[in-house]
2 protein chains.
Amino acid sequence: MAHLSDLEIANQSTLKPIGDIAEKAGIPADALEQYGHYKAKVDINKIDKKDKGKVVLVTAMSPTPAGEGKSTVTVGLSDAFNQLKKNVMVALREPALGPTFGIKGGATGGGYAQVLPMEDINLHFNGDFHAITTANNALSAFIDNHIHQGNELDIDQRRIEWKRVLDMNDRALRQIIVGLGGPTQGVPREDGFNITVASEIMAILCLATGIKDLKEKISKITIGYTKDRKPVSVADLKVEGALAMILKDAIKPNLVQTIEGTPALVHGGPFANIAHGCNSILATETARDLADIVVTEAGFGSDLGAEKFIDIKAREAGFEPSAVVVVATIRALKMHGGVAKDQLKNENVSALQDGIVNLERHVDNVKKYGLEPVIALNAFVHDTEAETEFVINWAKEKGVRLSLTEVWEKGGQGGIDLAQNVLEVIEEPQSFKHLYDLDLPLEEKVETIVKEIYGGSKVTFTSKAQKQLQSFKDNGWDNYPICMAKTQYSFTDDQTQLGAPSDFEITIRELEAKTGAGFIVALTGAIMTMPGLPKKPAALNMDVTDDGHAQGLF
Amino acid sequence: MAHLSDLEIANQSTLKPIGDIAEKAGIPADALEQYGHYKAKVDINKIDKKDKGKVVLVTAMSPTPAGEGKSTVTVGLSDAFNQLKKNVMVALREPALGPTFGIKGGATGGGYAQVLPMEDINLHFNGDFHAITTANNALSAFIDNHIHQGNELDIDQRRIEWKRVLDMNDRALRQIIVGLGGPTQGVPREDGFNITVASEIMAILCLATGIKDLKEKISKITIGYTKDRKPVSVADLKVEGALAMILKDAIKPNLVQTIEGTPALVHGGPFANIAHGCNSILATETARDLADIVVTEAGFGSDLGAEKFIDIKAREAGFEPSAVVVVATIRALKMHGGVAKDQLKNENVSALQDGIVNLERHVDNVKKYGLEPVIALNAFVHDTEAETEFVINWAKEKGVRLSLTEVWEKGGQGGIDLAQNVLEVIEEPQSFKHLYDLDLPLEEKVETIVKEIYGGSKVTFTSKAQKQLQSFKDNGWDNYPICMAKTQYSFTDDQTQLGAPSDFEITIRELEAKTGAGFIVALTGAIMTMPGLPKKPAALNMDVTDDGHAQGLF
């Protein structure tokens with residue numbers, strides 16, 4: 001079993017027609033828009049509403065670069081609920097296409113805990129990212145055309161914040177000059193491309209509660225500033241209708257299935273660093289309308305994705321999560337205990353002892369949101385019995401629920417204990433609260449996150465960031481939540497500081513006003529918004545058979 | 001009736017479920033991949049083959065900028081056959097998305113002769129153009145990455161012919177510099193974006209006979225030259241498998257329906273100037289497998305689209321058209337007779353008399369391919385009886401079949417006479433021939449087109465083009481057909497020369513080797529491969545209703 005690749009396991013699985021999955025999920029036939037035999041979009045206006053289901057959030061400890069299997073646990077946990085005959089759906093992010101050409105690595109779970117059809121989900125899926133790319137770049141074209149045609153709004157072409165995007169790993173597009181070639185080719189200016197998942201339109205699609213709200217959020221995007229530094233919005237350009245129209249199908253959640261036939265809504269995929277890193281509110285809410293339990297995930301650890309899930313997504317949607325699963329692995333714990341990457345396969349209980357502080361802080365963070373954590377210790381083949389036992393005992397002493405999960409190898413069956421632990425938690429009363437109030441000043445909101453969640457002692461704003469704070473206040477942008485952009489590998493802004501450092505300082509280098517999505521990004525360190533390809537890209541091993549099947553995708 | 005817009009007529013039409021249309025077309029259920037309720041992709045490997053149907057090509061006289069309704073006649077003629085109980089399909093090109101944001105104007109027919117659902121076909125349709133954009137730009141990323149990672153192939157970054165594309169009207173991207181920002185951001189070089197329909201990958205998708213052929217054609221694309229001027233192909237980069245994989249769904253023809261329920265395959269849309277301007281071979285051949293009569297069109301007039309249809313598409317596919325419809329309008333005839341644009345609505349029989357030479361040459365051109373022309377005089381509301389009568393009498397004297405078509409106003413009923421004329425022609429034996437043999441030297445192929453079809457007397461190659469001719473011969477590229485890039489408004493390379501000029505000279509400014517698509521583009525004059533937006537783009541009037549319906553699209 002363990003010898004098969006994810007794609008091989010996926011290919012061996014027999015998919016049910018998507019109409020059967022929809023029926024199981026309680027989606028009426030006229031709400032289902034099929035995209036081929038195994039994918040569909042769901043017209044949310046045609047769903048029968050029932051009492052809202054409970055939300056189980058899956059987060060993780062600070063990960064290793066290889067990841068700790070958070071998506072895999074999310075899928076496997078939903079399959080476990082399915083095996084326990086619970087009415088469950090899983091709500092996941094859509095993977096980006098571009099990065100698949102670079103380095104192998106899926107975003108649809110792994111082993112026997114995957115969503116299918118994986119080759120379609122990892123390629124164009126139902127066109128959502130392409131629609132977002134198109135809307136983003138249409139806005140760029142409208143901006144450059146406005147300037148070229150007389151610049152009535154007096155946009156300063158040196159202060160355009162809006163960048164073009166492609167769903168591609170393409171470093172050559174990071175910094176470019178456009179509009180060359182003389183007066184008929186537009187106005188020369190510096191520009192650049194981000195990867196599509198970094199587009200504010202992606203974040204908006206994921207935070208919108210419907211088409212009307214989508215259009216309103218788009219109209220509020222700040223595209224740049226006039227020559228006297230007044231913000232210019234999409235509403236000033238009067239193109240929010242056209243941009244929302246481009247997204248009219250992309251806003252509908254996508255229905256697929258897990259290997260075990262659990263209904264899955266896979267929709268939206270904003271960056272977890274410069275955006276909030278959660279699937280769409282519409283998918284989560286639609287799943288809640290259909291199922292009693294909705295399992296979903298947020299990018300990176302409790303310091304990043306979970307914090308944004310709580311303070312941005314759940315606040316915007318107005319729901320409360322009922323339980324939080326924290327995924328941990330022996331190898332990540334050892335890494336946080338100081339073990340070098342090439343030694344992670346060797347037994348090392350004393351390193352575990354040193355590294356467990358990282359997991360402890362993530363668990364404590366969950367409690368700060370008034371929620372009860374359940375640790376999912378995600379089994380890997382090199383874990384030893386002594387190591388596993390150490391973590392189990394530590395959790396017992398700490399008084400935190402822990403389940404060993406083997407969903408990669410066994411599917412839902414490997415997550416039954418976790419599901420039972422979560423079922424206990426969601427029956428208990430929780431005392432959910434957001435970390436901060438929106439009416440605090442921006443810098444105090446940042447400080448709260450840094451001190452309460454990261455364990456830091458101080459926040460420094462560079463002089464650039466201080467100037468931005470002042471101008472954001474002048475623009476009336478003080479009431480937005482904060483979206484921190486920080487390395488996922490450390491609680492600090494330095495990715496080499498593992499474990500659970502304390503008494504450290506975080507420097508906010510720069511801010512970005514995402515007035516459409518409705519949050520202020522606080523950037524720590526350098527954040528890469530357009531990846532590059534490696535010397536030997538995965539694309540070299542990709543192919544398609546004569547009858548149309550993808551090969552080498554994963 | 002005539003007061004409704006195309007979108008209003010489209011919205012008033014009741015669509016049949018696409019499964020019903022497929023059944024009518026004889027497409028088995030397991031070959032149908034639904035995309036929503038009214039669109040589908042067709043898995044051509046699951047179609048039962050029968051005797052191949054006959055191909056009716058719709059072309060036109062030299063058009064006015066507003067167009068003469070060629071798509072409308074193509075759709076209306078297929079509906080007329082449908083009304084006559086013939087087993088018919090229509091095979092059309094897909095419209096580009098980007099230009100819809102600029103100036104109004106559909107590409108799905110008009111009035112009561114449209115393919116539906118028009119708002120989806122004019123937006124993302126089934127994702128084909130997005131897949132082509134992605135494959136095109138992945139190749140660009142692979143090229144820049146190859147150079148950045150050491151440039152093993154010794155690609156000269158000043159001689160990269162491959163450009164990036166977007167399905168967008170965006171003049172600021174015509175000439176750009178990429179790779180700025182220092183050593184970690186790639187290698188700076190000049191680049192530019194074309195509109196997606198201008199991508200060689202679009203032309204390849206339309207000329208491929210299957211996935212294997214698609215991959216082979218992609219592998220032969222010349223992306224640029226080494227520092228010692230040897231051509232570099234996709235095969236050298238070893239990414240043809242990955243690029244073909246990206247297109248695995250885009251290569252499947254899309255099934256939709258006309259307002260009257262005639263099955264339509266709408267697939268592919270290469271530029272009619274720098275590419276061959278016809279829908280895909282796979283769609284046309286699939287339609288021939290299913291129907292007895294296939295109505296299809298080619299871009300612009302008999303000098304451009306039809307010539308390329310005969311000498312590039314039909315040659316590559318190995319079929320012979322059975323009849324050619326030449327669409328003419330009173331207003332275009334008057335324009336060719338010297339009437340100014342703002343006077344075209346006034347009766348002017350003597351201008352018709354002067355302008356009819358344009359139609360005459362198009363009709364004669366069709367005969368040069370050994371085919372029998374049928375003129376479709378496409379009625380417009382300002383045509384007078386005297387004008388219509390003049391054209392009818394001229395055709396009678398000339399001995400050419402002519403039908404008055406009123407398909408815009410009446411749908412298929414307005415094309416019955418045309419259908420009957422075409423039925424007579426396709427029963428007659430034709431003596432089809434290509435215009436030139438492939439083994440002629442490139443310059444002689446160009447000369448044949450200019451002298452036989454355009455009516456010119458001489459071809460001049462600039463010194464740049466002469467050098468290219470020599471290097472193309474050295475590279476063994478002499479055997480490809482020619483794809484002329486010329487204004488559609490005139491038989492000459494000067495768009496102000498209307499009517500039927502003779503004794504003129506054509507200058508070939510430059511050549512482009514499309515070794516993947518398999519033709520050599522000969523450029524006359526300046527050809528725009530990335531359009532711009534007007535001062536008040538159509539996007540300003542676009543919107544989407546709260547329940548997801550597009551507004552202001554046309």
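At 0% relative accessibility, B:L205 counts as buried, where buried denotes a relative accessible area under 20%, exposed one over 50%, and partly exposed a value in between, computed with a 1.4 Å probe on protein chains only. The model is predicted, so that local features need pLDDT of at least 70 and side-chain atom pairs count only at pLDDT 80 or more, whereas totals for chains, interfaces and linings use all residues. Residues are numbered from 1 along each chain as its sequence is written, chains are lettered from A and ligands numbered from 1 in the order in which they are written, and side-chain values use heavy atoms, with hydrogens and water left out.

B:L205 is placed in helix α6 (residues 200–207) of chain B; helices (H or I, at least four residues) and strands (E, at least two) are DSSP runs numbered from the N terminus. When residues up to four places away in sequence are not counted, B:L205 touches B:I132, B:L214, B:L247, B:A250, B:I251, B:H267 and B:S280, a contact being defined by heavy atoms within 4.5 Å.

In chain A, a "binding site" feature is placed by UniProt, in an unreviewed entry, at A:T64, A:P65, A:A66, A:G67, A:E68, A:G69, A:K70 and A:S71; UniProt positions are given in the numbering used here, feature names are shortened, and annotations may be inferred rather than shown by experiment. Among the annotated residues, A:P65 is found in the loop between β3 (54–60) and α3 (70–83) of chain A, and A:P65 is exposed, with a relative accessible area of 57%. A:S71, by contrast, is found in helix α3 of chain A and counts as buried at 17% relative accessibility. With neighbours within four places in sequence left aside, A:P65 is in contact with A:M335 and A:Y489, while A:S71 is in contact with A:A107, A:G109 and A:E297.

The domain assignment of chain A, whose bounds come from an automatic or database domain assignment, gives domain 1 (4–125 + 258–425), domain 2 (127–245) and domain 3 (440–521). The centres of domain 1 and domain 2 of chain A, taken over C-alpha atoms, are separated by 33 Å, and the contact takes 26 residues from domain 1 and 20 residues from domain 2 of chain A. About 1,800 Å² is buried between domain 1 and domain 2 of chain A, carbon and sulfur atoms giving 63% of this area; buried area is the accessible area (1.4 Å probe) that two parts lose on being put together, summed over both. Between domain 1 and domain 2 of chain A the count is 2 salt bridges, a salt bridge being a side-chain nitrogen of Lys or Arg within 4 Å of a carboxyl oxygen of Asp or Glu. A:K41 forms a salt bridge with A:D128, with the closest N and O atoms 2.7 Å apart.

Over all chains, the structure holds 84 salt bridges. The side chains of A:K52 and A:E285 meet in one of them, at 2.5 Å from N to O; because A:K52 lies in the loop between β2 (40–42) and β3 of chain A and A:E285 in helix α10 (residues 281–290) of chain A, the pair ties together parts that are 233 residues apart in sequence. In this pair A:K52 counts as partly exposed at 40% relative accessibility, whereas A:E285 is buried, with a relative accessible area of 13%. A:E216 forms a salt bridge with A:K220, the closest N and O atoms being 3.7 Å apart; A:E216 is partly exposed, with a relative accessible area of 43%, and A:K220 likewise counts as partly exposed, at 43% relative accessibility.

Strand β23 (residues 510–514) of chain A is mostly covered, 4 of its 5 residues being buried. This strand is joined by 5 bridges to strand β24 (residues 519–523) of chain A, and the two run antiparallel, strand pairing being assigned if DSSP finds at least two bridges. Across the pair, A:E512 stands opposite A:V521 in β24(A). The hairpin of β23(A) and β24(A) has 4 residues between the strands, and within this hairpin A:G518 takes a positive phi near 90 degrees.
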